[in-house]
Amino acid sequence: MKTSIFEQSSDILITCAPDLSALTGREINQLSIPIKEILPHGIVVEGTAQTAMYLCMHLRTANKVLFLLKEAKADTPDDLYRIAKKIEWDTLFPNDTYFSIDSFVQNSTIRDTRFANVKCKDAIADYFVTKTGKRPDSGPLRDKVVIFLYWRESDLSIYLDLSGEPISRHGYRINPWKAPMAEPLAAAVVMTTEWDPSTPFINPMCGSGTIAIEAALMGIQKIPGLVRKEYGFQHILGYEQSMFDAIKNLALNEVKSDLPFKIIASDHDQRALDAAKENASLAGVEHLIDFVLSDFQDTPVEPGQAGVVVLNPEYGERLGNEESLELTYKEIGDFFKQKCGGYKGFVFTGNLDLAKFIGLKPKRKIKFYSAKIECRLMQYELYAGTKRVVFKTVE
Ligand SMILES: C[S@@+](CC[C@H](N)C(=O)[O-])C[C@H]1O[C@@H](n2cnc3c(N)ncnc32)[C@H](O)[C@@H]1O
């Protein structure tokens with residue numbers, strides 16, 4: 001019998017948003033997995049499906065973990081069909097399961113990406129019927145086996161998407177409330193603040209709580225794989241529950257039970273706080289966060305600490321009205337000056353004109369994208385006590 005992909009090595013492509021790739025690369029380095037190549041759309045490492053499982057369960061900033069099955073030259077849909085039909089699919093999944101196909105296609109012979117997906121689906125179905133007399137069902141759901149095609153000009157790569165649902169879903173956000181931040185982006189924001197978990201983390205305007213929850217998870221070193229229960233790799237032949245349990249048990253040993261300071265998540269809307277609490281509870285971090293119903297300016301900030309304050313105010317693109325937001329941004333500046341001395345202040349916004357109303361000179365402006373909107377994470381150094389005079393204001 002052919003060895004399963006849980007024992008056989010191949011290239012593994014970890015996809016991530018281009019603006020997060022440096023952080024994803026850093027996460028992979030921290031797992032001591034050597035990076036083979038950095039591509040515009042992701043990072044390549046080498047390993048078995050067990051390596052891919054490990055990546056799926058640990059990475060906070062990535063989107064998908066793709067295990068390479070075949071690389072070939074393909075110019076036409078018929079080439080794709082022929083190449084896909086040669087893969088020994090019955091060694092990868094049984095004929096009584098369900099599969100879906102996802103793709104990135106940039107090829108002049110294909111006008112509609114879905115046509116490439118159909119060609120590949122036909123090849124897999126025909127392979128199974130010829131070999132076993134029965135074919136697995138297929139459709140759009142991503143909750144069983146997922147296949148991914150990357151086809152650019154003549155370069156075709158066929159992958160198994162071992163994430164299933166993208167790993168950008170960390171498995172706790174059942175209530176998104178309004179305009180939530182994507183979980184990988186929230187994780188990237190927390191990483192960029194370089195927050196030391198022995199100090200306070202304050203998240204006024206918390207909305208559905210994504211930033212506060214990601215901070216809590218990172219603070220106690222709880223990996224996404226200890227929250228999320230379903231992955232694509234669980235539907236691949238050779239997978240054993242004991243492999244999943246082994247990764248979980250190792251990770252569980254690292255989890256800290258508590259943080260020295262409760263994370264503060266505040267919002268002036270009770271419905272946002274209810275969503276945040278629900279999500280935090282599913283992530284298993286509700287006990288680490290104090291949820292406060294208040295205007296952001298009244299958020300309790302422990303004085304005399306060198307913590308982090310992060311706000312993600314509305315910025316006019318999706319929520320909020322730009323004129324009334326000018327006052328809100330001005331008040332953020334006042335809140336930083338009056339209440340947050342000694343802290344590092346951060347504002348995540350997609351509107352740089354509004355950011356000027358904060359009235360402080362940012363130390364850093366880090367570019368991110370949120371739902372295709374170019375945004376900045378602005379960092380402000382907020383000096384404590386007598387150093388207050390060194391606040392630099394912007395005219
Ligand atoms: C863009 S959303 C934050 C989204 C959040 N990062 C998430 O992932 O869900 C902005 C939040 O700020 C809250 N907000 C707006 N003005 C506020 C104010 N003056 N005081 C407190 N919260 C406010 C809104 O209720 C909303 O939940």
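Is Asn203 buried or exposed, and how many C-beta neighbours does Asn203 have inside 10 Å? I started my notebook there. Asn203 has 32 C-beta neighbours inside 10 Å, so Asn203 counts as buried. The cut-offs I used are these: a residue is buried with 20 or more other C-beta atoms within 10 Å of its own, exposed with 12 or fewer, and partly exposed in between, the C-beta atoms being placed from the backbone.

A note on the model before going on. I am working with a predicted model, in which local features need pLDDT of at least 70 and side-chain atom pairs count only at pLDDT 80 or more, while totals for chains, interfaces and linings use all residues. Residues are numbered from 1 along each chain as its sequence is written.

**Entry: around Asn203**

I placed Asn203 in strand β9. Strands (E, at least two residues) and helices (H or I, at least four) are DSSP runs numbered from the N terminus. Next I looked up the contacts of Asn203, leaving aside its neighbours within four places in sequence, and found Ile211, Ala212, Ile263, Ile264, Ala265 and Val310. Contact here means C-beta atoms, placed from the backbone, within 7 Å. I also checked Phe346, which is 143 residues from Asn203 along the chain; their C-alpha atoms are separated by 9.7 Å.

**Entry: helix α6**

Helix α6 covers residues 210–219, and nine of its ten residues are buried. Among the buried ones I noted Thr210, Ile211, Ala212 and Glu214. I then asked what covers them, and the list includes α5 (183–193), β9 (201–203), β10 (263–267), α8 (270–283), β11 (289–293) and β12 (308–311).

**Entry: two helix partners of α6**

I took α8 first: the axes of α6 and α8 come within 10 Å and cross at roughly 20°. That makes α6 roughly parallel to α8. For the terms, axes are lines fitted to C-alpha atoms, for helices over the stretch in contact, and angles run from 0 to 180 degrees between N-to-C directions. Angles under 35 degrees count as roughly parallel, over 145 as roughly antiparallel, 65 to 115 as roughly perpendicular and the rest as oblique. On the α6 side I found Ala212, Ile213 and Leu217, which meet Ala276, Asn279, Ala280 and Ala283 in α8. The residues of this contact divide into six nonpolar, one polar and no charged. Ala, Val, Leu, Ile, Met, Phe, Trp, Tyr, Cys and Pro count as nonpolar, Asp, Glu, Lys and Arg as charged, and the others, Gly among them, as polar.

Then α5: it packs with α6 at an angle of about 65°, with their axes 9 Å apart. Glu183, Ala186, Ala187, Val189 and Val190 in α5 meet Thr210, Ile211, Glu214, Ala215 and Met218 in α6. I sorted the residues of this contact into seven nonpolar, one polar and two charged.

**Entry: the ligand**

Which residues are closest to the ligand? I found 20 residues around the ligand, the closest being Met205, Gly207, Ser208, Thr210 and His268. Near means a C-beta atom, placed from the backbone, within 6 Å. The shell has ten nonpolar, six polar and four charged residues.

**Entry: two loop residues**

I looked up Glu153 in the loop between β7 (145–152) and β8 (155–161). Glu153 is not a glycine, yet its phi is positive, about 50°. Glu153 is exposed, with 11 other C-beta atoms within 10 Å.

Definitions and conventions
Two residues are in contact if their C-beta atoms, placed from the backbone, lie within 7 Å.
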